[in-house]
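Please keep the structure open as you read.

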Amino acid sequence: MNNPIGIKHISSCVADKAINITELAHRFDLKTSFIETKTGFTQLYQLSEQQDVIDLIQKNIEIFKQEALNDFSQIGLIVCVTQNSGKISMPHISALIQKLICPSRSIPTFDISLGCSGWVYAIEVIRSFMESMNISDALLITCDPYSQIINEDDKNTSLLFSDGSSVTWLSSLPDCEWHIGKGIYGTDGSRYQAIYRQKQSKLQMNGRALFEAVIKTIPNVIKDTINKNGFNLKKIDKYVIHQGSRYLVDYLAQEMDLGSKMPFSANLIGNTVSSSIPSVFNKIVHHSDEIICVCGFGIGFSWGCNILTRNKRRQK
Amino acid sequence: MNTNVKIREILKKITKNNDPDIWEKTFEFSPDYLDSLDMATLALSLEEEFSIQIPDDNLIDMRNIENIENFINQVKK
């Protein structure tokens, strides 16, 4: 395998049941302007009563088939990032995805248990696995429907989280769209109670603690990742960071003096956890953008950051 | 710059509000002036500016400039 492993295509979708801003404002006795300016999410999605996690993934795979690849015979690895795999909690959900995609062929599959940092982590893990096992193509799937674990009367979480999915195709083909750089990954377990869930109970989030963890950690993580890849802040065309809320993204952009290079773009999607970055990637990144910083952070408190550079060979 | 002026500078940056009422020492912050996210930002900014720690319980009690000033003066003694 002579070509470096890169990202060939990113596809995403949301669950079937939509909840709009008016409904949310009414439920929590809030002004719609508060939701628009603070969380920024004017539309959220949940699994419908008939829909399970694997159904949402299947919906996304059908979209991916139409957009990028109809024949999965070249796929040699499936990895799923999730901490909520639905009605079937065992085995790992990537085994069920293998059954959907290539039922008559054995390939390696495994899940990664991470939240909002998961997509960035998984790219690094998959690249290493593909290189060591000489695998040419892999699918990274994210799907973590928090609607199954949040208390719908809890304003802290119900206004933010949304059910979505993503499918990312990693490949050693020479026409990959994005080259993957050198990442930085970390955890501050002392802050785990900022967002966590005890068995048999609902998700708990301390907004202040999470906000503090992000503001005190992420700007330096981003700067260090950029330096590690031999760039500076100005050289980066776009920053696609975890879309936790409009307030958080705007605050980071202001603190780092990045303005519109670090946009909030999930207003009609919601915070889809590990699907957050892939869900907005194609909205934020334009054809003229060549160097992209991706940064995921959240439950753990965990973070992952990397640089994607456009494959110029593909453009020629 | 004294404590009171620093607090006002921080509040001005967070609220972006020019209503003169908010700068009265005993004006009670309603959620229209400072919502929960603004309060988290306020806590972080005060902690950095004055090198202090503000527990959640104390933050809940900070409902006007006078409260904030009293808390800071107390912990800085």
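Helices (H or I, at least four residues) and strands (E, at least two) are DSSP runs, numbered from the N terminus. This is a predicted model, in which local features need pLDDT of at least 70 and side-chain atom pairs count only at pLDDT 80 or more, while totals for chains, interfaces and linings use all residues. Residues are numbered from 1 along each chain as its sequence is written, chains are lettered from A and ligands numbered from 1 in the order in which they are written, and side-chain values use heavy atoms, with hydrogens and water left out.

## Cavities and a pocket

Rolling a probe the size of a water molecule over the atoms shows where empty space is left. On a 1 Å grid over the protein atoms alone, a cavity is a set of points where a 1.4 Å probe fits but cannot get out; a pocket is an open set with protein on both sides within 12 Å along at least five of seven lines, and lining residues have an atom within 4 Å of a point. Grid points are joined across faces, edges and corners, and a volume is the space filled by probe spheres set on the points. By this rule there are 2 cavities of 30 Å³ or more.

In the linings below, Ala, Val, Leu, Ile, Met, Phe, Trp, Tyr, Cys and Pro count as nonpolar, Asp, Glu, Lys and Arg as charged, and the others, Gly among them, as polar.

| Space | Volume | Lining residues by class |
|---|---|---|
| Largest cavity | about 50 Å³ | 6 nonpolar, 2 polar, 1 charged |
| Second largest cavity | about 40 Å³ | 3 nonpolar, 3 polar, 1 charged |
| Second largest pocket | about 330 Å³ | 3 nonpolar, 9 polar, 3 charged |

Which strand gives the most to the lining of the largest cavity? It is β3(A), with 3 residues. Both α1 (21-28) and β3 (43-46) of chain A supply at least two residues of this lining. Among the residues that line the largest cavity are A:L24, A:R27, A:L44, A:Y45, A:Q46 and A:F161. The second largest cavity has a lining made of A:N3, A:P4, A:L173, A:P174, A:H179, A:N311 and A:R313.

Around the second largest pocket there are 15 lining residues, and A:Q83, A:N84, A:S85, A:S89 and A:R197 lie nearest its centre.

## Strands of chain A

Two strands pair if DSSP finds at least two bridges between them. Strands β4 (residues 78-81) and β5 (residues 109-112) of chain A run parallel and are joined by 4 bridges. Within this pair, A:V79 stands opposite A:F110. Together with helix α4 (residues 93-101) of chain A, β4(A) and β5(A) make a right-handed β-α-β unit; right-handed here says that, with the strands pointing away from the viewer, the path from the first strand over the helix to the second runs clockwise.

A parallel pairing over 4 bridges also links β12(A) with β13(A), where A:K238 stands opposite A:I292 of β13(A). Buried means under 20% relative accessible area, exposed over 50%, and partly exposed in between (1.4 Å probe, protein chains only).

Most residues other than glycine have a negative phi, and most peptide bonds are trans. A cis peptide bond joins A:M90 and A:P91, with omega about 5°, and A:P91 is in the loop between β4 and α4 of chain A. The bond from A:G300 to A:F301 is cis too, with omega near -5°; A:F301 is found in the loop between β13 (291-298) and β14 (302-310) of chain A.

Phi is positive at A:D257, about 55°, although this residue is not a glycine. A:V273 has a positive phi near 60°. A:D257 lies in the loop between α8 (246-255) and α9 (276-284) of chain A, and A:V273 is in the loop between α8 and α9 as well. Are they buried or exposed? A:D257 counts as exposed because its relative accessibility is 70%, whereas A:V273, at 0%, counts as buried.

## A helix in chain B

Helix α2 (residues 36-50) of chain B has 11 of its 15 residues buried, so it is largely enclosed by the rest of the structure. Among the buried ones are B:M39, B:L42, B:L46 and B:F50.
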